[in-house]
Amino acid sequence: MKTWDAIIIGGGHNGLVTACYLQRSGLDVLVLEKNDWVGGAAVSRSLTPGFTYSNCSYVCSLFRPEIMRDLELPKHGLQIIGYDGGCTFTRDGDYLANYCDHDRHRREFARFSPRDAEAYDRYARDASRHTRFIQPLLMRTAPDPASFRPRDISELLYLGRKFGEMSGKQMAETLRFWTMSVSDYLDQYFETDVIKAYLAQSGIIGTALGPMSPGTAYVLLHHYMGEVDGSTGSWGYARGGMGAITQALAKSFEASGGTVRTGAGVEQVLVRNGRSEGVLLEGGEEVRGRKVVSNADVKRTFLKLVDEKDLPEKFVNRVKNFKIRGSSGKVNIALDSLPVFPALPDGSPCIRGDLHFTDTVERLERGYDDWKAGMWSKDPFLDMMIPTMMDPSMTSPGKHFMSVFVQYCPPKVQGRDWTDADRDAFGETVISQIAEYSPGFRDRIVHKEVRTPRELEAEVGLTEGNIFQGELTFDQLLFNRPVPGYAQYRSPIQNLYICGSSTHPGGGVMGAPGRNAAKEILRDLKRGTLSFSEAHDVI
Amino acid sequence: MSFDAIVIGAGHNGLTAATVLAQSGRKVLLLEASVEVGGGARTIEFHLGFKVSPVAHVVNRLHPKVISTLKLEKHGLELGALAPTVVLSSTGPVVLHGGWGDRLDGVASEEDRKWGEMRKVLLGQAAFLTPFLARKASQFGQFSWRDKAFLAGRAVTLRLKGREKFEDLLRMLLICVADVAEEYLSDDRLQALAAFDAVLGQRLGPRSPTSLLGLLYKLSGGVNGVPGGQVVPIGGMGAVAASFAASARAAGVELRCGANVARILVEDHRAVGVILADGSEVRARQVVSATSPQATLLGMVGPAHLDAGLVRSLSILPGKGNVAKLLLALDGVPDLAGMAGRFVVADSLNEVERAFNPSKYGEVPDRPVFEFVMDKSGTPDGAAVISACIPFAPYDLKQGWDKGRKALTKAVMARLEKHSPGIGKSVVHAELLAPPDLESKYGIPGGHWHHVDMSADRMLMLRPLHELAGYQSTIPGLTLCGAGSHPGGGISGISGLNAAQSVIAGDAV
């Protein structure tokens, strides 16, 4: 029987990134994917004739450019189209536009409040300073503060030095920023409700917290540290849908000699004497590998794929207490014509970007209160896009695909499992909110797919449907992610690694966890990391 | 007439600072706007023959260093025995004896064991933090070798406790109390208590990240050497304040009540005295203010003397209270599970969270959770008073406090009636003090006990702002010593003590 150098469980973007780097470093790598397609939550699916859906993740910014370069993804067909524009509709029939161009954005703010326009300069400057502090940490393995190994100590010193480079005032502001709520943070700058609501959205996407919960200012940053073509904070569409990213990764992987097996769900990780030796597939087949790398989230990996008795009790408890809470859903809609939003002037570029209807922080927070009570938000927050405005490859001319990300949506409905009727009612809540702002919207719908955490868990394998494979709260960031003592992509079982978003630096279609994990594996194999370009430090 | 130092505000921190300064041989004038001393620690007759402590009502963190420096016991401080905490819930009471439940009554034995485990972890973490809270906070960029040695010492101490405790603290420091309570406990009542104690006085719910910090802060205190312990002081909080005042007088502090400071006099960018509301001027080499940083700097000094950035930072300091008080005079003694002490009325952690929800939007909860103490000492025979603290009562109430007072009183009475049937009929006088009332009647700025939120981003070196973290304001000669300064609120006296010591050490120019 063949023994692979490395087996990757799950062909999501991080699994594929790890696979690519390992293969390029000379290992013989096998990717096992349970679905009949690779991609995990970065997929393009054709669910109704004539339309391609980005049916899970839907926009791109966080994906690290270093990885794109190293793995030659553009050569394998990846093209990111930056979009300019977007808006938040207000209930009085107006809208707040957002533009990539700082001055244009500032002028739009001035339409609501000259004071806020002035504050926007300050805000943008401060946000980019915080980003500058965090961004270099993404592509580094977090140090273990409890360890006395030279490598951890030197990494801690690096962090200390980086922090020490700031002035006293900046240190104070950085520390405060890390523990603040996005609402309090924005109150320091702005006075207009809709401006605060628009900016606060990034603080809660994918998170089971409200904009008034401490820690959400950091989540805001998590959505700011990406870039499109070197433009930090920009977002874009992947041409052909988000699946284009994972398709390019898979092609790059296969081009360098890697093997992908789809329709191969892993039942169990084979462990003997505290070492993993391979995996058992759902059909009963055994596949042997010297290293096993799981792209599944930390709960699925250690509570389902590994036998509890092979793990230390403390570790199992910490994994059980890892917070991975479903908080969002998705509605994908095929439209036979472009929806009309009377609030927008003709020819407005806003329609090409992200559209929202939540115009106060209070509405966002009340949506979270519903979630805490075990219900989907009655007045949900929507992050809505029509990628076909920029990408004609996803459907035929005149027709459109609309991606609607919905928050908040609970993993269970008041403690019980989702039913199809619940799902339909949830979908209806979303459609009726859109229809309020877009007359005739319902008549344009050709097909729709409603996804609650139930569907996300069943199809993609994300526990509770959490898109980040675990909450981005302080107790689960950096050296605490996923659990203290195991933040360096290794596990208590020798030769078993994790490389998904459950690990540092967390979720989003970023690829950084996958790259960092590959580096650690090669380190254990005492192999060089020539195929890794330097992570860039300056933005 | 000129003094070495003027202290503004005769709350417990002002009294402490004044006394310590006078003990150092300085000539000190203590000015209090109200007719009596005590600030938030006082006892009043709120209805004919009924005495109550209208603001603070338990002592749970009065610092031993303050007690010994001010010789409070010699000056009449009598704390009495530890009071238990009783959780009143619809599923029957739980009693926590000693320091935050070193012994429990009313829970299953397995739960008792789990509580013990959690309590041990939390008390351990609180004990680790205690030295940080007792010493003066250092300022960023200005760490002395002492500060560095202290921090290094703490880090080593922590690591020596073993990898598990080290990791637990780093993981839990900024976690929400709900995650911890649900990890360890399954009894709704104990979860409710942990949640309540963590969020009382905060603008956080039990599911808000960082809310555990409130509980650790509480557990870092204690009385009679018992961590987490509390007493309902004999003679009320007024008796505690009286011992502070006696100590101040003995040290030679000149105490003037009814002296409202209108302005702090600044000449050549230096604080040189104060101007009272009646127009009279008093000069001193140092001015020490125990009122809030906002009231001191924006109100009494004025923006003209301050940096524009500081004015902006001060004006957004979260300084609005979130706790109301309900005072009840009863003509009978209610039966409360046959217990005395501090009572917490909350059924579950989720109920605490639900009570928190409306406060975010400037509303009061329909079903409030609250704590109260019952006292029979300052009342006619056979009568009693109840003093309740009701969290999640925002200063700026949308419907206005005229309506809000009635609504909140009714909601609290309805819950009390369930636990002590007939209590409503025995009420001879009821008074609800919303945060604006605490401000106007008792001079508590913003009606906020802590002057500034005790949130993670306003603690230690960040309290109240990093520029003001070392007690010294940006105006030479002006020092801050109130609850808005490190370590923060509660009747501890540490900010007063540290601020005075910093003046004596010459930190104040």
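## Two helices crossing in chain B

Let's start with a pair of helices in chain B of this predicted model. Helix α7 (residues 188-199) and helix α12 (residues 349-359) of chain B have axes that come within 7 Å and cross at roughly 35°.

## The open sheet of chain B

Chain B also holds an open sheet of 8 strands with mixed pairing. The edges are β7 (103-105) and β18 (427-433) of chain B, each of which pairs on one side only. On average, neighbouring strands of this sheet are turned by 20° against each other, direction ignored.

For a look at one pairing inside the sheet, take strand β15 (residues 342-345) and strand β16 (residues 370-375) of chain B: they run antiparallel and are joined by 4 bridges. Here B:Val344 stands opposite B:Glu371 of β16(B). A helix belongs in this picture too: α13 (residues 401-419) of chain B lies across β5 (85-88), β14 (323-330), β15, β16, β17 (384-391) and β18 of chain B, and runs at about 130° to β18(B).

## An enclosed strand in chain A

Now over to chain A, and to its strand β15 (residues 328-335). Is this strand enclosed or open? Of its 8 residues, 8 are buried, so β15(A) is largely enclosed by the rest of the structure. A:Ser328, A:Lys330, A:Asn332 and A:Ala334 point one way from the strand, while A:Gly329, A:Val331, A:Ile333 and A:Leu335 point the other way, and all are buried.

Which strands pair with β15(A)? One is β18 (residues 400-407) of chain A, in the antiparallel sense over 8 bridges, with A:Lys330 opposite A:Phe405. Another is β19 (residues 445-451) of chain A, also in the antiparallel sense, over 6 bridges. In β19(A), A:Lys448 is the bridge partner of A:Ile333.

## Where the chains meet

Finally, the two chains touch each other: 31 residues from chain A and 31 residues from chain B take part in the contact. On the chain A side, the elements that give two or more residues are α6 (168-179) and α13 (361-372) of chain A. Of these, α6(A) gives the most, with 7 residues. By class, the side of chain A that touches chain B has 11 nonpolar, 10 polar and 10 charged residues.

How values were computed
Residues numbered from 1 in each chain as written. Chains lettered and ligands numbered in written order. Predicted model: local features only at pLDDT ≥ 70, side-chain atom pairs only at ≥ 80, totals over all residues. Axes fitted to C-alpha atoms, helices over the stretch in contact; angles between N-to-C directions. Pairing = 2+ DSSP bridges. Contact = placed C-beta atoms within 7 Å. Buried ≥ 20, exposed ≤ 12 C-beta atoms within 10 Å, placed from the backbone. Nonpolar A, V, L, I, M, F, W, Y, C, P; charged D, E, K, R; others polar.
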